[in-house]
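Reader: I have a protein model open and I would like to learn how to read it. Could you take me through some features, with the general idea before each case?

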Amino acid sequence: MAELLKRTHYCGDLRIANVDEEVVLNGWVAKQRSLGGLIFADLRDKTGIVQITFDDTISEKVFKRAESLRSEYVIGVRGIVKERSSKNPNIPTGEIEVFAKELLIYNESETPPIYIKDDDNVDDNLRLKYRYLDLRKLKMQENIRFRHKLAKLTRDYFDENGFTEIETPILIKSTPEGARDYLVPSRVNEGRFYALPQSPQLFKQLLMVSGCDRYIQIAKCFRDEDLRADRQPEFTQIDMEMSFVDQDDVIAMQEGFLKRVFKELLDVEIAVPFPRIPFDEAMERYGSDKPDTRFGFELKSLNDVVAGTEFKVFADALAAGGDVRGICIDNASDKFSRKDIDKLTEQAKHYGAKGLVWLRVEENEYKSSVNKFFTQEQLAEIAKVFDAKVNDLILIAADRAKVVFDTLGFLRRHIAGILGLLDDKQFNLLWVTDFPMFEKDDETGELKAMHHPFTHPRTEDIPLLDTAPEKVKAIAYDIVMNGVEVGGGSIRIHEKDLQAKMFKALRLTEEECQEKFGFLLEAFKYGAPPHGGLAYGLDRLVMLLLGEHSIREVIAFPKNQNAQCMVCEAPGVVEEEQLTELGINLR
């Protein structure tokens, strides 16, 4: 075996208390600089960086090796910890250095294609192609270690609360859960396919039927959907289910978990219980079922104020049963030029809006894009709805309710970002409850389950399943932090008759039910307990806790925006022989 210096300490752990100790360190050279009779090398491992000093009192052989060091060489060093004469307050090890006595070069390195430093600003695809180098950065090491700590804390907390960690299958049957499945062809059952799970939903319900009572899993899940900053085709859930519980039980368990996460990982005390906002109220006030409450700009209805207006945009929206609503941006009129508002209007069009109406409150008048349609008195009535003051800016949308909510929900958070109001160190947590059981499919107009068809309706709404299913509310709850959904769940249907009624409301035939969910319905014949659960997006939760803006920053080997692994170049072409074995022909 090659020579090895057995490590005694990690680089980032050394402090002034270690002075005069002999230590052995291993790691990568971050940089080397020579001052004639002195050579300095910054040595890096996963914990941090420490300065190694080579002087001409050591052997000539070791000194020459030190002269040859370059960035990213892999080395081992034996030396004595000394107090530095010129301290570096910017790093935790800045009070000390290690005077080397022995040096081994385990491996040399070519010049890396990316800089190994936190603020390199390199192209994302290049970072992902050389992810094994990108992960050497201290920030990335800290992020991955934080993720590990969260996973460990999760297992500890739920173990202490009577949960059993159980692995559910990865190769399962394709079932409709909202997004496209990733399909895996079966060689031994030609023409048939497995699906990779979008969630362990059905199996965790089967575990409740089996009597496991409390289940937990840190589960890999897969969804073939368009990507964005907080989505990946494969992601990780903290998944759980509990028997003999109601909504309050599930929520209390989660609040205890999150309180512990914040205290142990961030040393932040969060107050419980969290506020609960019904879905309808969240939409009315924030235009979103994921409300960010770190700032104001709440939506206000203008339907009554503008009723009877001759302004065609407002009149047409109201006549079609739509909405006229607005938001008031406090003390910001002078921060948004006409050009800025035009840009906001263009961005609003991505959410279906055909345009925006603006109103500026000035010292002795109101200026608006609709001045010729409204008198100063009428504009004053609109401003009064918002309690608007001088230098406030009001933005108004008029359209179908969904378009208005989506548009203003986007604008309030987008503008808050522009104004610097989104503090990553402020954590506003809340529950959104009482979701609609169903929503209309944009393409077909048919009802579909907003969450999934196993969600239990509110007891008082069960009769509406037959007469007015669009009015049924679900016992469903999402945990929202700073405008991002980090987890969601529901109480499940455990009565087979109610489950059949739910499928009927979705216009599923008995044959379709058996084909898609027969194994679950069969299990329900044998005594299913009342049960409910929740799942967190682990990647998303870590991202928010660390103040990152993409989950790629907290996943070791993420996919890029085209769902490609840049390291191993997946997805790739396979041999014709493999396709033949699977009975597959490509078009």
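Reader: How many bridges join strand β20 to β21?

Author: Two strands pair if DSSP finds at least two bridges between them. Strand β20 (residues 476-481) and β21 run antiparallel and are joined by six bridges. Strands here are DSSP runs of E with at least two residues, helices are runs of H or I with at least four residues, and both are numbered from the N terminus. M481 stands opposite V484 in β21. The hairpin of β20 and β21 has two residues between the strands, and N482 there takes a positive phi near 50 degrees.

Reader: Before we go on, what kind of model is this?

Author: It is a predicted model, in which local features need pLDDT of at least 70, side-chain atom pairs count only at pLDDT 80 or more, and totals for chains, interfaces and linings use all residues. Residues are numbered from 1 along each chain as its sequence is written, and side-chain values use heavy atoms, with hydrogens and water left out.

Reader: Which strand pairs with β21 over five bridges?

Author: That is strand β22 (residues 531-537), again in the antiparallel sense. Here S490 stands opposite G533 in β22.

Reader: Is β21 mostly covered or mostly open?

Author: To judge cover, we call a residue buried under 20% relative accessible area, exposed over 50% and partly exposed in between, using a 1.4 Å probe and protein chains only. Strand β21 (residues 484-491) is mostly covered, with six of its eight residues buried. For the chain, buried residues make up 47% of the 587 residues.

Reader: What is the order of the strands in the open sheet of five?

Author: The order is β12-β13-β16-β14-β15, with antiparallel pairing. β12 (300-301) and β15 (366-368) stand at the edges with a single partner strand each, so one side of each has no neighbour in the sheet. Inside this order, β14 (residues 357-361) and β16 (residues 393-399) pair over four bridges, and R360 stands opposite L393 in β16.

Reader: Now a helix, please. Which residues of α14 are buried?

Author: The general idea comes from the helix itself: an α-helix has 3.6 residues a turn, so residues three or four places apart point the same way. In helix α14 (residues 496-505), the buried residues are L498, Q499, M502, F503 and A505. They cover an arc of only 160 degrees around the axis, which puts them on the same side of α14; the arc is that of the directions from the helix axis to the C-beta atoms. On the other side of α14, D497 and K504 are exposed.

Reader: How should I read phi values and peptide bonds?

Author: Most residues other than glycine have a negative phi, and most peptide bonds are trans. E72 has a positive phi near 75 degrees. E72 lies in the loop between α1 (60-67) and β4 (74-83), and is buried at a relative accessible area of 3%. A563 also has a positive phi, near 60 degrees, but A563 is partly exposed, at 22%. As for peptide bonds, the one from V272 to P273 is cis, with omega near 0 degrees, and P273 is in the loop between α6 (247-266) and β11 (276-278). The bond from A570 to P571 is cis as well, and P571 lies in the loop between α16 (538-546) and α17 (576-581).

Reader: How many salt bridges are there, by the rule used here?

Author: A salt bridge is a side-chain nitrogen of Lys or Arg within 4 Å of a carboxyl oxygen of Asp or Glu. By this rule the count comes to 53. In one of them, R276 meets D248, with the closest N and O atoms 2.8 Å apart. R276 lies in strand β11 and D248 in helix α6, so the pair ties together parts that are 28 residues apart in sequence.

Reader: Which partners does E269 have?

Author: E269 forms a salt bridge with K259, at 3.4 Å between the closest N and O atoms. E269 is in the loop between α6 and β11 and K259 in helix α6, ten residues apart. E269 also forms a salt bridge with K263, at 3.6 Å. E269 is exposed, with a relative accessible area of 54%, while K263 is partly exposed at 35%.
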